[in-house]
Amino acid sequence: MNILLLGSGGREHAFAWKIVNSKKCNQLYVAPGNAGTGQIAENIPLSVTDFEGLADFVLHKKIDFVVVGPEEPLVRGIVDFFAAREDLKNIPIIGPGQIGAQLEGSKDFSKKFMERCGIPTAASQTFTKETLEEGLKFIDLQELPIVLKADGLAAGKGVLICNSYDEAKASLKEMLLESKFGSASEKVVIEQFLSGVELSVFVATDGIHYIILPEAKDYKRIGEGDTGLNTGGMGAISPVPFADKEFLEKVESRIVIPTIKGLEKQNIPYTGFLFIGLMNVNGDPYVIEYNVRMGDPETQAVLPRIKSDFVDLLYALGTKKLHQYQFETENSCTATVVMVAGGYPESYRKGDTIEGLKGIESADKSLTFHAGTQLSNSNKVLTNGGRVMAVTGIGNDPYKALKNAYNTVEKISWVNVSFRKDIGQDLLALKKD
């Protein structure tokens, strides 16, 4: 099959790697892609939100199905755009429609959806510029710390955890009155803080049937010991040691099934991946957030653990035949470490040469996924974003996976490279030689 993948991050490089390793893939195109996807597929200089350009490309290249990596085109309605066109409506596109994408596009929408479906989540209320005074009074009624969330898309950075009432009130004013997160913070959800351990569960669904993919734990803070600013993600571990059979059965019965049934009952068509960000609170799962695509960098830890054919999975989603797909996982453990540009998640440089990429990995020990990279005119790989590379170590146990990841990380360098050295160490002590 000829396949078009949309996106340019580490998640998309991991998708591309999995797709091209399938015998079912004839040709993979990635729009716009990065230096890594360009090594294994054909990059196409089209924006993920250029729906007309993408449509012309799909028809010209006789694309069999389209995979949407990031959330923005989904929230903007690319699936609805395809469905509305007579010449495109029969081409499967992997991702939810615009209404379903609001599960990520609007925190307020997702909270109300969870309430209607009886899905366990933190108590919350939503406020706007017009209801700012009510929001300030609401803050006084909360226990510390207090969570503030920008309603819209904020590239993984729109969540603030405030440790004082003054900080929470000042932050609420910044978000609503000074557009701290742009239009994303025109509404702000004030939420109860849940204390526990986070993890991410991923679901593939055709709208009726579902498969639960391997879970992962990601690390959002820039600093070691989970300190500093929130980022798009600094690393991930899969499987998660505390996510035993009993806990995952609770996730399925209390969250996954009510979510899939809720979407169907409320006439919200949903095809593709659903990321469920969870908090384990004393053995019980609570939903922190939904994302309407796979996570980044969790994808880089999850996909290497999928044994069955990935293109078959994608096609089963797009043709609503997921119940016919035989899903298998590897017994291996994976650990992903994200390497970022100095200064990220605030200002950072682009255009630095990345050294040490040649011959660093072997399929059974580590995989290197590009994120913010581009090729120079002289074929050098340059930094082109905040999160630059994600290195996934693979091993029979998490200790070995972490060791293999960090061994590869140490071989890659550029000016002011930065990465966390403590990924996984809250769950496990890194085994020494």
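## Sheet, loop and core features

In this predicted model, strand 10 (residues 197–205) and strand 16 (residues 272–281) pair in the antiparallel sense over 9 bridges. Within this pairing, alanine 204 has phenylalanine 273 of strand 16 as its bridge partner. Both strands belong to an open sheet of 4 strands, with the order 11-10-16-17 and antiparallel pairing. Strand 11 (210–212) and strand 17 (284–291) are the edge strands, each pairing on one side only. On average, neighbouring strands of this sheet are turned by 30° against each other, direction ignored.

The largest nonpolar core has 49 residues, and those with the most contacts inside it are Leu4, Leu6, Val66, Ile78 and Ile276. Helix 10 (residues 245–265) gives the largest share of this core, 6 residues. Apart from this core lies another, of 40 residues, among them Phe15, Met294, Val302 and Phe310.

Aspartate 352 is found in the loop between strand 18 (333–341) and strand 19 (366–370). Is aspartate 352 buried or exposed? Aspartate 352 counts as buried because its relative accessible area is 11%, under the 20% cut-off. Its side chain is joined to that of arginine 349 by a polar contact of 2.4 Å.

How values were computed: Residues numbered from 1 in each chain as written. Predicted model: local features only at pLDDT ≥ 70, side-chain atom pairs only at ≥ 80, totals over all residues. Heavy atoms only, no water. Pairing = 2+ DSSP bridges. Helix = DSSP H or I, 4+ residues; strand = E, 2+ residues; numbered from the N terminus. Axes fitted to C-alpha atoms, helices over the stretch in contact; angles between N-to-C directions. Buried < 20%, exposed > 50% of the residue type's maximum accessible area, 1.4 Å probe, protein only. Polar contact = N/O pair within 3.5 Å; in protein donor to acceptor, adjacent residues only side chain to side chain. Core = buried A, V, L, I, M, F, W, Y, C linked by side-chain atoms within 4.5 Å.
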